[in-house]
Amino acid sequence: MHIGVLALQGDFHAHLTQLQRLGASCGEVRSRVQLARADALVIPGGESTTLWRLLEVLELEQPLRAWLAEGKPVFGTCAGAILLAREILGPDRAGLGVLDISVRRNAYGRQIDSFLAPAESTAPGFEGLECLFIRAPVFERVGPRVEVLAEVGGRPVWVREGRAMAATFHPELTHDLRVHRAFLELASGSTSSCGSSAPSATVTPYASSSAPSASLARSVSVGGR
Ligand code: GLN
């Protein structure tokens, strides 16, 4: 299995390093040919408006949409999570729609308001996860089929729907490999460690305005989306 990392802008190199630490076959994606070679894709953090622009200029948006439509595994962090959302707020526009979520950009404020915080509830096996937020977005709505894998401040920060995963924080910028390992497991189709064991006692179900939220404890079935 070869993991592509979209390498147009942002901290793609940190994702490659993390994947290499886990022994994964991985490489940069800057062209249609490289995208076609990828069995799974990571879309890194950076600046989502710049990513949209570069996808357009490099004529990669339609190939990416077609690649995603095949249901291949994808993981977006921060700006990458914004791209994968159904609805983007601030300014409002449609995302790629791979995850049934609404995401508000820059919801914590400016770059200077970036912070590190421990996840207060997580899927089993992810206790103590430190989450680094850099001019991060917030998942304002998560659809009924979206699994919440971690929360900070009572809000979902790591979610999954089928074989698509998104985090508002930057797991590629810490030494903790668990989030990337979970994506590799998801991508390879092996039983994911996310939420697959006994329900956690620390779970706080996320109350969404428009969706009965998935609970952190619910078991996850790896399947199509
Ligand atoms: N604020 C950026 C955006 O809106 C995301 C920041 C990040 O990826 N760290 O795209």
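Start with the open sheet of eight strands, in the order β2-β1-β3-β4-β14-β13-β12-β9, with mixed pairing. β2 and β9 (121-122) are at the edges, each with a single partner strand, so one side of each has no neighbour in the sheet. Before going on, the ground rules. This is a predicted model: local features need pLDDT of at least 70, side-chain atom pairs count only at pLDDT 80 or more, and totals for chains, interfaces and linings use all residues. Residues are numbered from 1 along each chain as its sequence is written.

Two terms as well. Helices (H or I, at least four residues) and strands (E, at least two) are DSSP runs, numbered from the N terminus. Two strands pair if DSSP finds at least two bridges between them.

Back to the sheet. β1 and β3 run parallel, joined by three bridges. Within β3, look for Leu41: Gly4 stands opposite.

Now the other end of that strand order. β12 (residues 147-152) pairs with β13 in the antiparallel sense, over five bridges. Val152 stands opposite Arg155 in β13. The two strands form a hairpin with two residues between them. Gly153, in the turn, has a positive phi of about 60°. β13 also pairs with β14 (residues 164-167), again antiparallel, over four bridges. Two residues separate the strands of that hairpin too, and Gly162 takes a positive phi near 60°.

How many residues of β13 are buried? Six of its seven, across residues 155-161. Buried here means 20 or more other C-beta atoms within 10 Å of the residue's own; exposed means 12 or fewer; partly exposed is in between; and C-beta atoms are placed from the backbone.

Pick out Val159. Its bridge partner in β14 is Ala166. Leaving aside neighbours within four places in sequence, Val159 is in contact with residues including Leu99, Ile101, Phe139 and Ala166. Contact means C-beta atoms, placed from the backbone, within 7 Å.

In general, nonpolar side chains in soluble globular proteins tend to be buried together. Here the largest nonpolar core has 61 residues, and Leu84, Leu99 and Val159 have the most contacts inside it. Helix α6 (residues 178-188) gives the most to this core, with six residues. A nonpolar core is a set of buried Ala, Val, Leu, Ile, Met, Phe, Trp, Tyr and Cys residues joined through C-beta atoms within 7 Å.

β5 (residues 85-89) and β7 (residues 99-104) pair in the parallel sense over four bridges. Ala85 has Leu99 as its bridge partner in β7.

Between β6 and β7 there is a loop, and Gly95 is found there. Is Gly95 buried or exposed? Buried, because 20 other C-beta atoms lie within 10 Å. Gly95 and Trp52 are 43 residues apart in sequence and 9.6 Å apart in space, C-alpha to C-alpha.

Helices next. In α1 (residues 12-21), the buried residues are Phe12, His15, Leu16, Gln18 and Leu19. They share one side of α1, because they cover an arc of only 160° around the axis. That arc is taken from the directions from the helix axis to the C-beta atoms. Gln20 and Arg21 are exposed, on the face turned away from the buried side. Cover for the buried residues of α1 includes β1 (2-6), β2 (25-29), β3 (40-43) and α6. Gly23 follows α1, with a positive phi near 80°.

In α3 (residues 48-57), Ser48, Leu51 and Leu55 are buried. Their arc is only 55°, which puts them on the same side of α3. They pack against α4 (61-69) and α5 (79-84).

Last, the ligand. Which residues surround the ligand? Gly45, Gly46, Glu47, Ser48, Cys78, Ala79, Ile82, Arg105, Asn106, Ile134 and Arg135. A residue is near if its C-beta atom, placed from the backbone, lies within 6 Å. By class, the shell has four nonpolar, four polar and three charged residues. Ala, Val, Leu, Ile, Met, Phe, Trp, Tyr, Cys and Pro count as nonpolar, Asp, Glu, Lys and Arg as charged, and the others, Gly among them, as polar.

Notes:
Two residues are in contact if their C-beta atoms, placed from the backbone, lie within 7 Å.
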